[in-house]
Amino acid sequence: MNSAAPSRELSAPGADSTWFVVPLFNEGTVVGDVIRDLRTRYPLVVCVDDGSHDDSARIAAEAGAAVVRHPYNMGQGAALKTGIDYALRDPHMRQIVTFDSDGQHQVEDAAAMIALREAEGVDVVLGSRFLDGRTKPGLIKRLVLWGAVHYSNLTSGVKLTDAHNGLRVLGREACEKITIEQNRMAHASEIVEEIGRHHLTVREHPVHILYTDYSRSKGQSVLNSVNIVIDMLFR
């Protein structure tokens, strides 16, 4: 664990009370730039290195993030749980943001979501790539996400337009109530079900998911679509 205490500088909505939780697995090529850009506005960042085989953890620490390491790969759900537990140790924390390490999420979207939560006092703000036209997922991914949101709406009672978006703002009370037991991709559906089970207030906000050449080269778009289907069927 990187024990260096980050400074609390007011540079964006909620910057002194928001922890960004960043799951990390073999993203050494890009994670340094992601963390440095994020910390120009939000200094409180914890990366959970989920058993990476490269130098992701070192790079994230050098970029200024607190780093917690899993000894082996446990899955994104487990990494989020570890990061949320870390952030809850800070008595000044009012909310956390779940944020990807591969450059697909935009800091401006996160800031707008934080501002929305603080202005309206809701428990949770979830990003949706389908509330405007900025995000351009491929046909297979669009169909899978369409099926996932309908499944989630039926099973959770929470009506959303995008159930598997990794950009989320969870208030402290939501962090304390939501239980994440699904270690891998099914955690996204589980979080929505927990929101419904605890009757947490929720809003969606349009976000731009940037499908980069880097993410496409790793096959993440198609692979994540397959993982969503598998976890929906067998969780």
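Predicted model: local features only at pLDDT ≥ 70, side-chain atom pairs only at ≥ 80, totals over all residues.
1. Strand β5 and helix α7 each supply at least two residues to the lining of the largest cavity. The space inside the largest cavity is about 50 Å³. With a threshold of 30 Å³ or more, the count of cavities is one.

2. Which residues line the largest cavity? They are Leu126, Gly127, Leu160, Asp162, Ala163, Asn165, Arg168, Ala188 and Val192. Strand β5 covers residues 124–128, and helix α7 covers residues 187–197.

3. Is Ser152 buried or exposed? Its relative accessible area is 1%, and the cut-off for buried is under 20%, so Ser152 counts as buried.

4. The contacts of Ser152 can be listed next. Leaving out residues up to four places away in sequence, Ser152 touches Gly157, Val158, Ala163 and Val192. Ser152 and Ala163 are 11 residues apart along the chain, and 6.6 Å separates their C-alpha atoms.

5. On the overall fold, the protein chain has nine helices and seven strands. The seven strands make an open sheet with mixed pairing, and their order is β3-β2-β1-β4-β6-β5-β7. Why is one side of β3 and of β7 left without a neighbour in the sheet? Strands β3 (66–70) and β7 (202–206) are at the edges and have a single partner strand each, so one side of each has no neighbour there. On average, neighbouring strands of the sheet are turned by 20° against each other, with direction ignored.

6. Strands β5 and β7 pair in the parallel sense, and five bridges join them. One example to find in the structure is Val125, whose bridge partner in β7 is Arg203.

7. Helix α7 lies across β5, β6 and β7, and runs at about 40° to β6.

8. Two residues deserve a check of their backbone angles. Most residues other than glycine have a negative phi. Asn26 has a positive phi, near 55°, and lies in the loop between β1 and α1 (31–39). The phi of His199 is also positive and near 55°; His199 is in the loop between α7 and β7.

9. How accessible are these two residues? Asn26 has a relative accessible area of 23% and is therefore partly exposed. His199 reaches 70% relative accessibility, so His199 counts as exposed.

10. Some totals for the protein chain complete the note. Of its 235 residues, 55% are buried. The chain exposes about 10,400 Å², and carbon and sulfur atoms supply 55% of that area. Among contacts between residues at least 6 apart in sequence, 77% join residues at least 24 apart.

Methods:
Residues numbered from 1 in each chain as written. Heavy atoms only, no water. Helix = DSSP H or I, 4+ residues; strand = E, 2+ residues; numbered from the N terminus. Buried < 20%, exposed > 50% of the residue type's maximum accessible area, 1.4 Å probe, protein only. Contact = heavy atoms within 4.5 Å. Areas by Shrake-Rupley, 256 points an atom, 1.4 Å probe, with all protein chains shown as cover. Pairing = 2+ DSSP bridges. Axes fitted to C-alpha atoms, helices over the stretch in contact; angles between N-to-C directions. 1 Å grid on protein atoms, 1.4 Å probe; cavity = no way out; pocket = protein on both sides within 12 Å on 5 of 7 lines; lining within 4 Å. Points joined across faces, edges and corners; volume = space filled by probe spheres on them.
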